[in-house]
Amino acid sequence: MTRTHSIKRRPLMLLMLLLAVILVAGCSSNNNSTVKLAYVAWDSEIASTNVVKEVLETKLGVKVEMLQVDAGPMWAGIADGSADAMVAAWLPSTHASYLEKYGKDIEDIGVNLEGTKTGLAVPAYMDINSIDDLKNADVASSLNQTIIGIEPGAGIMTATEKALEAYGLSDYTLLESSSAAMAQELQKAFDKNEPIVVTGWTPHWMFANMDLKYLDDPQNVYGGAEQIHTMARKGLQEDMPDVHKFLSQFKWTAEDMEQVMVKIQGGQSPEEAAKEWVESNEAKVNEWTAGISA
């Protein structure tokens with residue numbers, strides 16, 4: 001009786017073992033089909049990361065988890081593998097310190113946008129043209145000796161601290177805030193025709209919605225035109241070859257990015273704006289997904 005019972009149970013045990021293997025394999029597959037994208041809550045990176053998410057999910061059929069962090073943790077997350085990729089590395093100047101610290105542990109898989117710019121921006125109606133002009137006593141007084149910045153740790157904040165020193169603007173305060181709060185303060189001042197100076201970068205919707213200008217930077221503290229690079233954790237190409245291929249082929253223009261940013265600023269959710277842009281730019285999206293069968 002006991003022997004017969006044991007013999008009868010073997011097929012059942014084998015079946016359970018097979019189901020367990022299938023279940024583990026299924027879980028593994030699900031894990032491999034989820035891509036973790038790190039990003040900073042800058043308007044530009046909200047736009048690009050949501051567009052990448054939309055393409056990954058609708059064209060490649062993979063799930064995407066978006067991880068909103070500051071610039072330092074964004075780079076650290078790619079380096080230690082807790083995030084798979086990011087499309088927000090501003091180089092060679094803005095994120096130079098992060099590249100120096102984490103570059104050896106990260107794969108740079110290409111430029112996704114050319115022609116970015118950073119610096120101090122003011123409304124075009126202000127009668128100043130250079131960072132040197134901020135030393136003028138009347139100008140300084142009208143600005144309450146304050147420059148409206150963004151999140152601490154951002155590369156443009158570090159560059160602005162260097163600019164304050166380089167241009168002898170030690171009486172100025174670089175106010176830490178967020179990119180959203182900075183843009184809000186700029187819009188309020190612009191609507192009232194009031195003086196204001198902010199840390200600015202292009203592409204950004206604020207240049208499309210307001211008549212702004214960069215202050216000349218004769219000492220080249222902010223550097224010249226930059227590029228935005230796509231960075232991936234090491235091993236992504238082996239683990240997710242289609243995702244890696246798409247990310248390496250993801251390239252767009254400042255005008256493309258601004259279209260998405262303006263829609264978000266106009267009231268659309270980032271997801272809706274990204275979806276609408278992807279649906280309206282089929283040819284460009286096809287270039288990004290060329291050679292991918294998923």
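This is a predicted model: local features need pLDDT of at least 70, side-chain atom pairs count only at pLDDT 80 or more; totals for chains, interfaces and linings use all residues.
## A buried alanine

Buried means under 20% relative accessible area, exposed means over 50%, and partly exposed sits in between, using a 1.4 Å probe and protein chains only. Residues are numbered from 1 along each chain as its sequence is written, and side-chain values use heavy atoms, with hydrogens and water left out.

You'll find Ala 163 in helix α6, residues 155–166 (helices are DSSP runs of H or I with at least four residues, numbered from the N terminus). Setting aside neighbours within four places in sequence, Ala 163 is in contact (heavy atoms within 4.5 Å) with Val 221 and Tyr 222.

## Charged pairs

Side chains of opposite charge can pair when their charged atoms come close. The whole structure has 10 salt bridges, each a side-chain nitrogen of Lys or Arg within 4 Å of a carboxyl oxygen of Asp or Glu. One of them joins Arg 233 to Asp 239, with the closest N and O atoms 3.0 Å apart. Here Arg 233 is buried at 12%, while Asp 239 is partly exposed at 42%.

## Linking two helices

Glu 276 and Lys 263 also meet in a salt bridge, 3.1 Å from N to O. Glu 276 lies in helix α12 (residues 270–280) and Lys 263 in helix α11 (residues 254–265), so this pair ties together parts 13 residues apart in sequence.
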